[in-house]
Amino acid sequence: MNTVNTICASLPGATWADPSEGQLASWKVGGKMFACVAGEQDKVAVKCDSVETAQMLIDAGAAEKARYFHRSWV
């Protein structure tokens, strides 16, 4: 997850939040989540700009639907 954290930390205004102490940490800009990192899993969920973009990534095989998140997350 170091690569994910490095990329997210480099974004303007990005802040790290870990309210559940390692179970589901997130990156936010302006108080809104754009990436979530699940505790011990080696996965990250990111918010797309639209449901259509998320579906395009899924259809292309570049991403999969993020479980328990809105359809705009992959």
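How many bridges join β3 to strand β4 (residues 44-46)? The count is 3, and the two strands run antiparallel.

This is a predicted model, in which local features need pLDDT of at least 70, side-chain atom pairs count only at pLDDT 80 or more, and totals for chains, interfaces and linings use all residues. Residues are numbered from 1 along each chain as its sequence is written, and side-chain values use heavy atoms, with hydrogens and water left out.

**Fold.** The chain holds 2 helices and 4 strands. Along the sequence their pattern reads α-β-β-β-β-α. Helices (H or I, at least four residues) and strands (E, at least two) are DSSP runs, numbered from the N terminus.

**Strand pairs.** Two strands pair if DSSP finds at least two bridges between them.

| Pair | Bridges | Direction |
|---|---|---|
| β2 (residues 24-29) and β3 (residues 32-38) | 6 bridges | antiparallel |
| β3 and β4 (residues 44-46) | 3 bridges | antiparallel |

Val29 has Lys32 in β3 as its bridge partner. The hairpin of β2 and β3 has 2 residues between the strands. There, Gly30 takes a positive phi near 60 degrees. On the β4 side, Cys36 stands opposite Ala45.

**Whole chain.** The chain has 74 residues, and 26% of them count as buried (under 20% relative accessible area, with exposed over 50% and partly exposed in between; 1.4 Å probe, protein chains only). Among contacts (heavy atoms within 4.5 Å) with a separation of 6 or more, 25% involve residues 24 or more positions apart. The chain exposes about 5300 Å², by the Shrake-Rupley method with a 1.4 Å probe. Carbon and sulfur atoms supply 55% of that area.
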